[in-house]
Amino acid sequence: MHSSHLLLEEPIRMASILEPSKASFFPAMTKIVGTLGPKSRSVDVISGCLKAGMSVARFDFSWRDAEYHQETLENLKAAVKSTKKLCAVMLDSVGPELQVVNKSEKAISLQADATVILTPDEGQEASSELLPINFDGLSEAVKKGDTIFIGQYLFTGSETTSVWLEVSEVKGNDVVCVIKNSATLAGSLFTLHASQIRIDLPTLSDKDKEVISTWGVQNKIDFLSLSYTRHAEDVRHAREFLSKLGDLYQTQIFAKIENIEGLNHFDEILKEADGIILSRGNLGIDLPPEKVFLFQKAALYKCNMAGKPAVVTRVVDSMTDNLRPTRAEATDVANAVLDGSDAILLGAETLRGLYPVETISIVGKICAEAEKVFNQDLYFKKTVKYVGEPMTHLESIASSAVRAAIKVKASVIICFTSSGRAARLIAKYRPTMPVLSVVIPRLKTNQLKWSFSGAFEARQSLIVRGLFPMLADPRHPAESTSATNESVLKVALDHGKVSGVIKSHDRVVVCQKVGDASVVKIIELDD
């Protein structure tokens, strides 16, 4: 199955480029995070998104209330049930996001070379001369010559719906700016980004805390996307907050790197966070365009070596309104995969885009094609060298399992795990075949009631490249006698057969604990 994997160093046969892409049960090893919103919240559309390859649903609280998102989530649950496709939930905090408030929702036309005043007085009506904002410290943060960018929801870089401003003077609490390009701002809320300027607001706002402790707790969120993470302390603070909220002590924190400040403290943030989201929209404004690709490559490499999932955003903006991505966008998605991205995050494309299902499908197909030419051999050597010697017990088992699977051309690696750590370590070495992570639930108690762990761990692997979870029957412990393991293994193999990953006569590598020892074994399947 995997002998067709090319290395990018080899000349790619033109004939292989003309072969049609084959559909498979797992559309791609790279995961897709879809943001659910007005155009993607019905059961039908969400079912379509799940079938097309979405494995994490993102709920963006920078607009609409908890009730609205709850309705969407109930529809997601119904879609998961009907499609039998697992999906994790990510809550995206608002953080210190500056916004222009346009209560009347009338379109605002701004002309190049005219001036406009940004005022903290939110009672004022927004117009082409005056824009009210939700922050009263802007006048103290900026100075003459600074640049400010305003766009709807997300910065598309499309110069007719987003505007560049240059600060010409500060008058009391107001900031007077010169408009650099003509644009029309439509809608009730636009994001404002002051380039390379520190905004003195907490990373987790009071509103965020309220949403997490109500909506987040009620729905047992799998991931918290921590917007505008600037320091490792931000992650520690968020973790401490989550640890007091019942089941949310298990929620993983993904630090969203959106500005120069976060970039400067990247290494410390990576140590603290469970994963990283490279928010290229905002970063693309803080960084000169020619530096964005460098940051992407360096950050993805660091995440890969640390074995932590990395998510890339803003890849197919044009698909918000169009059925096909541009050539540059299609190449960009493939490059994100080749650079080592675990997942691609779609924002406006699925939130308010016209073609959410098609977008997920096309991004999945591009990822699958890029994975075929991913130089796994080189990557494996690089990772082993980076980890160095002596390796930890678990790291050595994980790398051995991947090496064995590649040598025997196994069709899948099956890993028994209760915390999910072993499976994530195997995925860190980027095997060319899927890793079936069989999560064995553990019985735990809070002195009041007994419950099984495992659901969080299973869903959290839905953002890791190449990792596909299944929850085992709780009666089968992760480390046990060979008899119980055989029955769980049979369930896993049957799951693999049904999904078309495993066929008769295939070889399968199994990684499991037997007593105190970790074992990697190779099985050859009969008819």
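**Reading the fold**

Modeller: Of the 527 residues in the protein chain, 54% count as buried, where buried means under 20% relative accessible area, exposed over 50%, and partly exposed in between (1.4 Å probe, protein chains only). This is a predicted model, in which local features need pLDDT of at least 70 and side-chain atom pairs count only at pLDDT 80 or more, while totals for chains, interfaces and linings use all residues. Residues are numbered from 1 along each chain as its sequence is written, and side-chain values use heavy atoms, with hydrogens and water left out.

Colleague: Why does the radius of gyration of the protein chain agree with that of a compact globule?

Modeller: The radius is taken over C-alpha atoms, and the globule rule is 2.2 Å times the number of residues to the power 0.38. For 527 residues that rule gives a value near 24 Å, and the protein chain has 24 Å, which is why the two agree. The C-alpha trace spans about 75 × 65 × 50 Å along its principal axes.

Colleague: Which strands close into a barrel, and in what order?

Modeller: Strands here are DSSP runs of E with at least two residues, helices are runs of H or I with at least four, and both are numbered from the N terminus; two strands pair if DSSP finds at least two bridges between them. In this model 8 strands close into a barrel in the order E1-E2-E3-E13-E14-E15-E16-E17, with parallel pairing.

Colleague: Across which strands does helix H5 lie?

Modeller: Such angles run from 0 to 180 degrees between N-to-C directions, the axes being lines fitted to C-alpha atoms, for helices over the stretch in contact, and contact means heavy atoms within 4.5 Å. Helix H5 (residues 206-218) lies across E2, E3 and strand E13 (223-226), running at about 165 degrees to E3.

Colleague: What is the strand order of the open sheet?

Modeller: The open sheet has 5 strands in the order E22-E19-E18-E23-E24, with mixed pairing. Its edge strands, E22 (467-471) and E24 (517-524), each pair on one side only, and the twist averages 20 degrees from one strand to the next. Strand E19 (residues 435-439) pairs with E22 in the parallel sense over 5 bridges, with Met470 in E22 as the bridge partner of Val438.
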